[in-house]
Amino acid sequence: MASLAINADRSEVRTAADWLHEVAHQYEVPQNKAIALDQCLDEVLMNIVMHGGTSATNTPVELSFSLTPKEAAITVSDSGKPFDPVNAPAKPRPMTLEEAEPGGLGLSIIKGLSNHINYEFKEGRNVLTFAVAI
């Protein structure tokens, strides 16, 4: 229904968020669901920027939004290192404050906020779709 191509760069994450909120508003996605999609998108994009490698930064990251009567979904396609977040193990929660480290909770956030997540590596690209029920 709507798409956007951005660079795998921290400065583009805000551009993607603005695009998502505009599209969500246009298609009357409830605000709380748009916020959940935005949080997931932010985590996915930051993972691409931080861990995707040079192959991710050399080609555009493609975003697409789709809507069905039951869910709103975002598909993110990038050419970074293959990484399947659906089957990746969650980071163990620290037992004490001393064990806590910054970061590493992105997958838990995405899995916790999404009702549906799908990943495939296709034609040299990671293709991740996450959706929220509406």
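**Helix packing and the nonpolar core**

Helix α2 (residues 31-51) and helix α4 (residues 106-113) cross at roughly 150°, with axes that come within 9 Å. Keep in mind that this is a predicted model.

**α2 against α4**

- With a cut-off of over 145 degrees for roughly antiparallel, the α2 and α4 pair falls into that class, so the two helices are roughly antiparallel to each other.
- As for handedness, α2 and α4 make a left-handed crossing.
- On the α2 side, the contact is made by Ala36, Gln39, Cys40, Glu43 and Val44, and α4 brings in Gly106, Ile109, Ile110 and Leu113.
- Sorted by class, that contact of α2 with α4 has six nonpolar residues, two polar ones and one charged one.

**α2 against α1**

- The axes of α1 and α2 come within 10 Å and cross at roughly 155°.
- That angle makes α1 roughly antiparallel to α2 as well.
- Here the crossing is right-handed, whereas the one between α2 and α4 is left-handed.
- From α1, the contact draws on Arg10, Val13, Ala16, Ala17, Leu20, His21 and Ala24.
- From α2, the residues in this contact are Ala34, Ile35, Leu37, Asp38, Leu41, Asp42, Leu45, Met46, Val49 and Met50.

- Asp38 sits in helix α2, and its relative accessibility of 18% makes it count as buried, given that the cut-off for buried is under 20%.
- Leaving out residues up to four places away in sequence, Asp38 touches Ala17, Leu20 and His21.
- Asp38 and Gly80 are 42 residues apart in sequence, and their C-alpha atoms are 21 Å apart in space.

**The largest nonpolar core**

- The largest nonpolar core has 31 residues, and those with the most contacts inside it are Leu41, Leu45, Leu63, Phe65, Ile74, Val76 and Phe130.
- Two or more residues each come from β1 (2-6), α1 (10-26), α2, β2 (61-67), β3 (71-78) and β5 (125-133).
- The biggest contributor is α2, which gives nine residues.
- Leu45, apart from neighbours within four places in sequence, is in contact with Ile6, Val13, Ala16, Val61, Leu63 and Val76.
- Leu63 belongs to strand β2 and is buried, with a relative accessible area of 2%.
- Neighbours within four places aside, Leu63 is in contact with Ala2, Ser3, Leu4, Ile6, Ala16, Trp19, Leu41, Leu45, Thr75 and Val76.

- Glu28 lies in the loop between α1 and α2 and is exposed, with a relative accessible area of 71%.
- Glu123 also has a positive phi, about 55°, although it is not a glycine.
- Glu123 is in the loop between β4 (116-122) and β5, and at 76% relative accessibility it counts as exposed.

Technical notes. Residues numbered from 1 in each chain as written. Predicted model: local features only at pLDDT ≥ 70, side-chain atom pairs only at ≥ 80, totals over all residues. Heavy atoms only, no water. Axes fitted to C-alpha atoms, helices over the stretch in contact; angles between N-to-C directions. Helix = DSSP H or I, 4+ residues; strand = E, 2+ residues; numbered from the N terminus. Parallel < 35°, antiparallel > 145°, perpendicular 65-115°, else oblique. Left-handed = near helix turned anticlockwise from the far one by under 90°. Contact = heavy atoms within 4.5 Å. Nonpolar A, V, L, I, M, F, W, Y, C, P; charged D, E, K, R; others polar. Core = buried A, V, L, I, M, F, W, Y, C linked by side-chain atoms within 4.5 Å. Buried < 20%, exposed > 50% of the residue type's maximum accessible area, 1.4 Å probe, protein only.
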